[in-house]
Amino acid sequence: MVMQRHQLTCAGIAFVLYLHHLVGTIEVPLDSNIQSELPQPPTITKQSVKDYIVDPRDDIFIECEAKGNPVPTFSWTRNGKFFNVAKDPKVSMRRRSGTLVIDFHSGGRPEDYEGEYQCFARNDYGTALSSKIHLQVSKSPLWPKEKVDVIEVDEGAPLSLQCNPPPGLPSPVIFWMSSSMEPIHQDKRVSQGQNGDLYFSNVMLQDAQTDYSCNARFHFTHTIQQKNPYTLKVKTTRGITETTPSFMYPYGTSSSQMVLRGVDLLLECIASGVPAPDIMWYKKGGELPAGKTKLENFNKALRISNVSEEDSGEYFCLASNKMGSIRHTILVRVKAAPYWLDEPQNLILAPGEDGRLVCRANGNPKPVIQWLVNGEPIEASPPNPSREVAGDTIVFRDTQIGSSAVYQCNASNEHGYLLANAFVSVLDVPPRILAPRNQLIKVIQNNRTRLDCPFFGSPIPTLRWFKNGQGNTLDGGNYKAHENGSLEMNMARKEDQGIYTCVATNILGKAEAQVRLEVKDPTRIVRGPEDQVVKRGSMPRLHCRVKHDPTLKLTVTWLKDEAPLYIGNRMKKEDDGLTIFGVAEKDQGDYTCVASTELDKDLAKAYLTVLAIPANRSRELPKERPDRPRDLELTDLAERSVRLTWIPGDDNNSPITDYIVQFEEDRFQPGMWHNHSRYPGSVNSAVLSLSPYVNYQFRVIAVNDVGSSLPSAPSERYQTNGARPEINPTGVQGAGTQKNNMEITWTPLNATQAYGPNLRYIVRWRRRDIRGSWYNETVKTARHVVWNTPIYVPYEIKVQAENDFGRAPEPDTFIGYSGEDLPSSPRYLRIRQPNLESINLEWDHPEHPNGVLTGYSLRYQAFNGSKTGRTLVENFSPNQTRFTLQRTDPISRYRFFLRARTQVGEGETLVEESPALLNEAYTKNQVDIATQGWFIGLMCAIALLVLILLIVCFIKRSRGGKYPVRDNKDEHLNPEDKNVEDGSFDYSDEDNKPLPNSQTSLDGTIKQQESDDSLVDYGEGGEGQFNEDGSFIGQYTVKKDKEETEGNESSEATSPVNAIYSLA
């Protein structure tokens, strides 16, 4: 006996009642209320792929999710053994999910977690299994080091360069480039094989112009490894011998290839020869599979996508050139991993019903079917008298409450396996109507309609329809009851109006629902527009008289050339037609009247032809700015939009090109008009986008080639409802105005952005470096000052808009800085004197800049003892930390004052002095000069000259007489030197003090004061005096007559004693 069942579907609430011999199945509807009430065994809803390769740099996520009622719990096995998640601190399971998370942030090796994982989802009604997930960690091993010799090859000979990439997981992508990272050009002569090798059908001299390097790109690490490049040396001959083709890959005349069903098959033939051969493909005994084949790699590869058993057979490639041809045969054998013919489906039965689970799979070789129940082999499960296993089918008879379980079907062969879960749930549920109560269905007379009544129950209820409480079941004639519970009417008539009741019944009870049907009159245009030919300036009328059901709202619209027609001041839309005043050439076209209700519509079309006025008459008319638009009207009022319609003014003989719509609001800037939008001159109605909480008023300005019209009179006001802000302020900045504050400013929202009353701003800030707690303040202005801040530290700032309706979305974070202060002194100032002409300065930035450095200020002055020169100033950019000073003389020392500068001013001063350069220079010169031969000779000559002079003096004294001292002849010795007015000064070191009446020049040499005396003038007189170093410092005068005096005077004569001193 065959039992009759119903299949139910309705508007997204889908459930199916399968009707088979010994089978009655129910799928639980998607209604969340029902699913939450009914018990349901677990069902796996999401899991990772079987072959799961992961990136070793990331955490590992092995997915497993399931649904059921009660909510399932999860457990895992690894390599067939229970995997205790709680014992491994790196492994956790997501809440209300079975997904494993393996965290490597605290260390660990991903390779330690490779293996085969399986997920178990359990509740009170059974256990569902995931597929076995083979977890592997991606690998990108390094290329083995090898020495690549230069390859010598004859011109015209074939050549293959081997790649042999390291075995990666997954396999790397291979490509060839030169060592200069230029791609190797490939064509039918030179190409890369599927194994990664580079094949030359024949080598040419030009192939030696570059080297060849094999590159492997690994997927997960996104790294590219490069093999040592090959270098070719092509030996040329007088002429290249043309040769017949020969296969470089595959070898021989035949080969075989096995491929699995459903994957892509790639056959490859690469041949050598001169000239390079052409490759063609054929299938023995038939054509290449239509719509599935694609030639690749310059016809050297044949790809057949989604292989099936019909694609097996013999394929052969034919390589040919003008010297001959050769063929290679490839025997293709198609095997198949298991694939479903009938995958087992969930089975929901009522107590006492019969059913069956069917698991049929195919493959090559044929797969073996194994049944499990709740994850255990069915042979090892407790006996169940109501269950019988017959190969690929399990038969259930007279099922009872408590027999619910999850069954697994495993179909496997040597090429793979399939695993499917299907639960058997035994339910007893009274009938339930899933449709809304008291539905109202409207239909146009004589149209087809359907009344829906989705239902559910276990056992499967019986559904019947009644009209107006009558006892007869509706089925037959104008009515047709469908298996899904719907009642269809082929042609709705007035007498079909009424209340329809659907009743669902099973042994546990019944449920019913009512549907009211109303049949409406159709909408018809009884007089439509007609084609017309009119003159420019006339007033045509297009008719559109409509008859419709009075209980339905009628809408009449007009189209011109299939686009909506915007009614202007020259047009008047009436209940039964459209009138055009002063018709112009632009009004010519197709006019369509569309009459519609919520249930149906009707339309009628006509063509309007406008005869133009001659051009010479048109040019005589003066052109002026258009008149202002008038009669503004607001319609189609909505929360965020409104339709504005206006009547255009006269264009004054220059067509209107644009309309500018402006608005004014009376809260933020009353009386100020803003541009809202711009529209073409062909329209006189537009839908305007509005912002919340704005009291709008609109006006329109017309524009033509002459200029703009005066604004129209304002429209009536339209107040939109408020809402929370949708954007936050822009231009957020934070900067200090004093050293202990930060002023936060932003661009406030305008009237169309406030969206509600009492607009305010929530200002939040916190130190960026320590990531402390957020501080906040609510203000109504566009400024807030934070006081008592540290000097120049970064702050994170957020400014969020808020009104009485709520807050704007979470704002972006901006970076600001507190106030600046004077910087500390630079960390150091190093002074180096590489020579007598320059001084090198080097310094470091301040330890506490207290702001953005704007530069450095260097003040320096030369000094010699207590005498100082004028102060000079140098300014430097903030990134300059070196300076070279060119000395004005080699003796002076310098004092330096260095200060860093921020926008607040200059900071603390770092003072340093240059070392005593003269001592250094003298020591250096002494080391450098004293060993020179010329210097030793000069010193000997001077010593000899001094000895001679002393002898002369001795002789003169021995002759008698004195040398009278000439009164007021020479100046007295002055112990202090005079400062030089130009800023230079005398060196005043006591250890190196010059003689009195001598002058110290800027270059450090000592000049004797001019004198008229000479030692040859001295005879008898006062006794001479000598310094401890032997210098002669006495002042002498000799009384001589005028002639003698004149004869012995000598200007700028230098005494030998002083000369010796100056050289000392």
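Trainee: Which residue in S81 is the bridge partner of Asn840?

Mentor: Thr884 is the bridge partner of Asn840. Keep in mind that this is a predicted model, where local features need pLDDT of at least 70, side-chain atom pairs count only at pLDDT 80 or more, and totals for chains, interfaces and linings use all residues. Residues are numbered from 1 along each chain as its sequence is written, and side-chain values use heavy atoms, leaving out hydrogens and water.

Trainee: What makes S77 and S81 a pair?

Mentor: Strands are DSSP runs of E, at least two residues long, numbered from the N terminus, and two of them pair if DSSP finds at least two bridges between them. Strand S77 (residues 838–843) and S81 have five bridges, in the antiparallel sense, so they count as paired.

Trainee: Why is S76 said to stand at the edge of its sheet?

Mentor: The open sheet runs in the order S76-S77-S81. Strand S76 (829–832) and strand S81 (882–886) each have a single partner strand, so one side of each has no neighbour in the sheet.

Trainee: Why is Leu944 called exposed?

Mentor: Exposed means over 50% relative accessible area, buried under 20%, and partly exposed in between (1.4 Å probe, protein chains only). Leu944 is at 51%, so it counts as exposed. This residue is found in helix H5 (residues 933–958).

Trainee: What makes Lys139 and Glu114 a salt bridge?

Mentor: The term needs a side-chain nitrogen of Lys or Arg within 4 Å of a carboxyl oxygen of Asp or Glu. Here N to O is 3.0 Å, so the pair qualifies. By this rule the count comes to 55 salt bridges.

Trainee: What does the pair of Lys139 and Glu114 tie together?

Mentor: Lys139 lies in the loop between S15 and strand S16 (151–154) and Glu114 in the loop between S12 and S13, so the pair ties together parts that are 25 residues apart in sequence.

Trainee: Is Glu114 buried or partly exposed?

Mentor: At 25% relative accessibility, Glu114 counts as partly exposed. Lys139 is also partly exposed, at 37%.

Trainee: And Asp496, buried or exposed?

Mentor: Asp496 has a relative accessible area of 2%, so it is buried. Its salt-bridge partner is Arg493, with the closest N and O atoms 3.1 Å apart. Arg493 has 31% and is therefore partly exposed.

Trainee: Which residues have the most contacts inside the largest nonpolar core?

Mentor: They are Ile62, Trp76, Leu100 and Tyr117, in a core of 32 residues. A nonpolar core is a set of buried Ala, Val, Leu, Ile, Met, Phe, Trp, Tyr and Cys residues joined through side-chain atoms within 4.5 Å.

Methods: Helix = DSSP H or I, 4+ residues; strand = E, 2+ residues; numbered from the N terminus.
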